[in-house]
Amino acid sequence: MGNRFSSKTKNNGSKSSRRFGGGNRSQKKLQSDEELLHIQALSLAIQHHQSSQRFEGSMSRRIGSTSSRRRSNPTSDPPVNAAKQQKQSPEILENLETKNIVLIHGEGFGAWCWYKTIALLEELGMIPTALDLTGSGIDLKDTNNVTTLEEYSKPLIDYLQNLPEDDKVILVGHSSGGACVSYAMEQFQQKISKAIFLCGTMVSNGQKPFDVFAEQLGSAELFMKESKFLIHGNGKDNPATGFMLEKQQMRGLYFNQSPAKDIALAMVSMRPVPLGPMMQNLSLSKEKYGTGRRFYIQTLDDHALSPDIQEKLVRENPPEGVFKIKGSDHCAFFSKPQSLHKILLEIAQIA
């Protein structure tokens with residue numbers, strides 16, 4: 001199974017927009033907590049990055065919460081009032097179909113990117129699990145050898161296969177991780193309580209994940225012929241096997257509202273994206289995928305997947321509910337973690 005970071009509202013489909021904040025803890029302590037958490041996360045990412053250069057093989061581990069304390073940043077959401085959240089926890093958790101939330105990262109990311117979301121969910125009493133997809137995060141498989149969406153999604157499929165028969169989970173897919181969520185819905189619809197697409201590639205039957213990014217990167221055909229970001233892992237005379245954006249482009253596309261420390265974490269942790277899964281057409285049936293409960297979270301200051309493109313995805317493949325995060329870049333788990341947290345809880349409570 002893949003590597004994991006883990007811990008041991010009613011809606012009729014109408015669109016809604018939320019802004020969240022609150023909290024009155026001392027600014028000095030919050031800044032101190034934030035510094036500690038960022039240092040720990042950055043240190044962990046560097047360690048994993050260095051290990052991945054030295055060793056081959058597979059690795060599977062379960063890592064607990066980095067911290068249960070709240071943080072604040074001038075460019076991010078205000079902190080949640082911890083005492084108020086703990087007081088509300090029993091009421092929030094009482095009628096949930098499941099407390100298990102599985103977090104699936106997008107292209108180039110890994111389980112590490114969810115560290116803020118994991119801490120917030122754990123404090124409330126939810127059970128989050130963040131997976132490394134094949135060739136991502138600290139999974140040591142060479143991305144040049146990941147050629148299909150089935151192989152790329154294998155850690156998620158293995159996780160769902162090993163769930164007890166009556167257990168269900170909420171899946172959250174970020175960016176191209178949305179395609180992995182869609183693939184899982186087709187395979188294990190009965191084990192998925194809800195599927196949440198965070199500025200995700202919520203494609204329709206017959207589409208490929210890459211199609212969603214055509215506005216930014218060009219058509220798949222043009223990208224394969226001319227892109228300077230392509231990686232030819234099997235030699236220049238063979239088809240491209242992956243791609244990797246330059247750091248400056250990643251900053252502008254993904255992290256235009258994210259705190260500097262989270263950008264630094266990403267810069268030492270991002271890995272090449274396997275091309276095969278991005279170019280694979282999905283086969284999604286009305287009987288399986290079509291009967292699943294889908295929700296979409298739009299990020300309204302997103303330079304990688306523009307709000308117009310996200311709106312088009314929602315319009316062409318309507319989910320049960322749509323939520324919006326104002327001021328979020330493509331990585332809401334960095335730029336607007338509290339807002340994302342509130343929306344995840346709201347969706348979890350929808351009967």
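Reader: At what angle do helix H3 and helix H14 pack, and how far apart are their axes?

Author: In this predicted model, local features need pLDDT of at least 70, side-chain atom pairs count only at pLDDT 80 or more, and totals for chains, interfaces and linings use all residues. Residues are numbered from 1 along each chain as its sequence is written, and side-chain values use heavy atoms, with hydrogens and water left out. Helix H3 (residues 115-124) packs against helix H14 (residues 337-348) at about 50°, with the axes 10 Å apart.

Reader: Why is H3 called oblique to H14?

Author: Angles under 35 degrees count as roughly parallel, over 145 as roughly antiparallel, 65 to 115 as roughly perpendicular and the rest as oblique. The angle is about 50°, and therefore H3 is oblique to H14.

Reader: Which residues of H3 meet H14?

Author: Contact means heavy atoms within 4.5 Å. Lys-116, Thr-117, Leu-120, Leu-121 and Leu-124 of H3 meet residues of H14, including Pro-337, His-341 and Leu-345.

Reader: What makes Asp-302 count as buried or exposed?

Author: Buried means under 20% relative accessible area, exposed over 50%, and partly exposed in between (1.4 Å probe, protein chains only). Asp-302 has a relative accessible area of 3%, so Asp-302 is buried.

Reader: Where is Asp-302 found, and which residues does Asp-302 touch?

Author: Asp-302 is in the loop between strand E11 (294-299) and helix H12 (307-316). Among the residues that Asp-302 touches are Cys-199, Leu-253 and His-330. The C-alpha atoms of Asp-302 and Cys-199 are separated by 8.5 Å, although these residues are 103 residues apart along the chain.

How values were computed
Axes fitted to C-alpha atoms, helices over the stretch in contact; angles between N-to-C directions. Helix = DSSP H or I, 4+ residues; strand = E, 2+ residues; numbered from the N terminus. Lists of a residue's contacts leave out its neighbours within four places in sequence.
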